[in-house]
Amino acid sequence: MNDEKIKAIPYAKEELHQMKIGWIGLGNMGIPMAGNLLSAGYDVTVWNRTPDKAEPLLARGAGIADKPYHLLEQCDVVFTMVSDDTAVKAIYMEADGLLSGNARDRILVDMSTVSPETSRFLAERCRQAGHRFLDAPVSGSVGPAREGKLIIMAGGEQESFDRVRPLFDKLGKLALHLGPNGSGSSAKLAINLLLGITVQGVAETVLFAREMGIPTEQMLTIISESAVGTPLIKGKAASILADEFPAAFALKHMAKDLRLARQAGASSPLAESVYASYQSALREGLGDLDLMAILRYLNGAKVEA
Ligand SMILES: NC(=O)c1ccc[n+]([C@@H]2O[C@H](COP(=O)([O-])OP(=O)(O)OC[C@H]3O[C@@H](n4cnc5c(N)ncnc54)[C@H](OP(=O)(O)O)[C@@H]3O)[C@@H](O)[C@H]2O)c1
């Protein structure tokens, strides 16, 4: 790897806004995250499989690339924020993919939730192509993404982390360097195991209370004000009461994360239980709804039982 060239990447404070940023993946998370970098004054160029989704960012001054590898050639740092392992591997490895670009010494940052194995695979491919790679998935949904208050869990070289840190500071309230490549993805699977368990726990509590005649609104207030109350529960209350679950964090992504956690060795009783229920909810066609729709699945499962 050519360290001289890497040192040439501008990262002194006064030079930060000269950094060219590439952003791939404009879904629920990618749009507000890339938007925050634009708001902070960075030069951002985007690519998305469905190009129309870039329009709100183009209206705010972003550029658009025709192919992923154009971003590698034009930008100092390229972020990916896409659905899953298959998507991110395609973006890096396909014929028009990032790593087919004719450049070296870029920093590539994958913020998608994928397996630690995929993160290590991509890191090695990047290293072979003369680039540096960080796995840097996030905790926090669309609200924190919009507010720049995500928690960023990063794996990779400390030096790459330090260089990208000012950008992480625009995206999140906390950015942690956890160790070598794969560490960020591992931490993300662990925190999302807790998320899956918590959301299912709230759903089961609400359904149990309902059966005993306790109104859902009051039960949600009790949970929120109790020792186990979290911003998550407050955030999902309106959705639960309306029985409408537009996706902030799609259930299919939660099911994916629990599958990845299981593959990585999570086999506790609760891990097994939530894995099974989110997979069943997926099979019932609830994947594009918010993960809180696990309540709808559990309610149906109860009626049928
Ligand atoms: N939403 C949340 O609350 C949340 C929170 C933390 C972490 N995450 C994680 O962040 C990642 C993105 O989540 P999201 O909610 O933004 O997802 P999303 O709304 O479903 O968007 C997915 C993005 O991935 C792209 N994509 C999917 N398959 C692709 C492929 N084969 N090739 C190229 N692009 C592909 C989509 O492109 P198109 O626009 O063309 O479909 C879209 O840009 C996921 O790994 C998720 O687990 C989500």
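Biologist: At roughly what angle do the axes of α5 and helix α6 (residues 116-128) cross?
Modeller: This is a predicted model, in which local features need pLDDT of at least 70 and side-chain atom pairs count only at pLDDT 80 or more, while totals for chains, interfaces and linings use all residues. Residues are numbered from 1 along each chain as its sequence is written. Helices are DSSP runs of H or I with at least four residues, strands are E runs of at least two, and both are numbered from the N terminus. With axes as lines fitted to C-alpha atoms, for helices over the stretch in contact, and angles from 0 to 180 degrees between N-to-C directions, the axes of α5 and α6 come within 11 Å and cross at roughly 5°.

Biologist: How is α5 oriented relative to α6, parallel or perpendicular?
Modeller: Angles under 35 degrees count as roughly parallel, over 145 as roughly antiparallel, 65 to 115 as roughly perpendicular and the rest as oblique. The crossing is roughly 5°, which makes the two helices roughly parallel.

Biologist: Which residues of α6 does α5 meet?
Modeller: Two residues are in contact if their C-beta atoms, placed from the backbone, lie within 7 Å. From α5, the partners are D85, V88, K89 and Y92. In α6 they meet T118, L122 and R125.

Biologist: At roughly what angle do the axes of α9 and helix α13 (residues 269-283) cross?
Modeller: These axes come within 10 Å. The arrangement of α9 and α13 is roughly perpendicular, the crossing being roughly 70°.

Biologist: How many charged residues has the contact of α9 with α13?
Modeller: L193, G196, I197 and Q200 of α9 make the contact with L270, A271, V274, S277 and Y278 of α13. Ala, Val, Leu, Ile, Met, Phe, Trp, Tyr, Cys and Pro count as nonpolar, Asp, Glu, Lys and Arg as charged, and the others, Gly among them, as polar. By class, 6 are nonpolar and 3 polar, and the number charged is no residues.

Biologist: Where does the ligand lie relative to the domains?
Modeller: The chain is divided into domain 1 (3-180) and domain 2 (187-304), with bounds from an automatic or database domain assignment. Both domains give residues to the shell around the ligand, so the ligand lies between domain 1 and domain 2.

Biologist: Which helix gives the largest share of the shell around the ligand?
Modeller: A residue is near a molecule or strand if its C-beta atom, placed from the backbone, lies within 6 Å of it. Of the 27 residues around the ligand, G27, R49, T50, S141 and F249 come nearest. The largest share, 4 residues, comes from helix α5 (residues 85-93).
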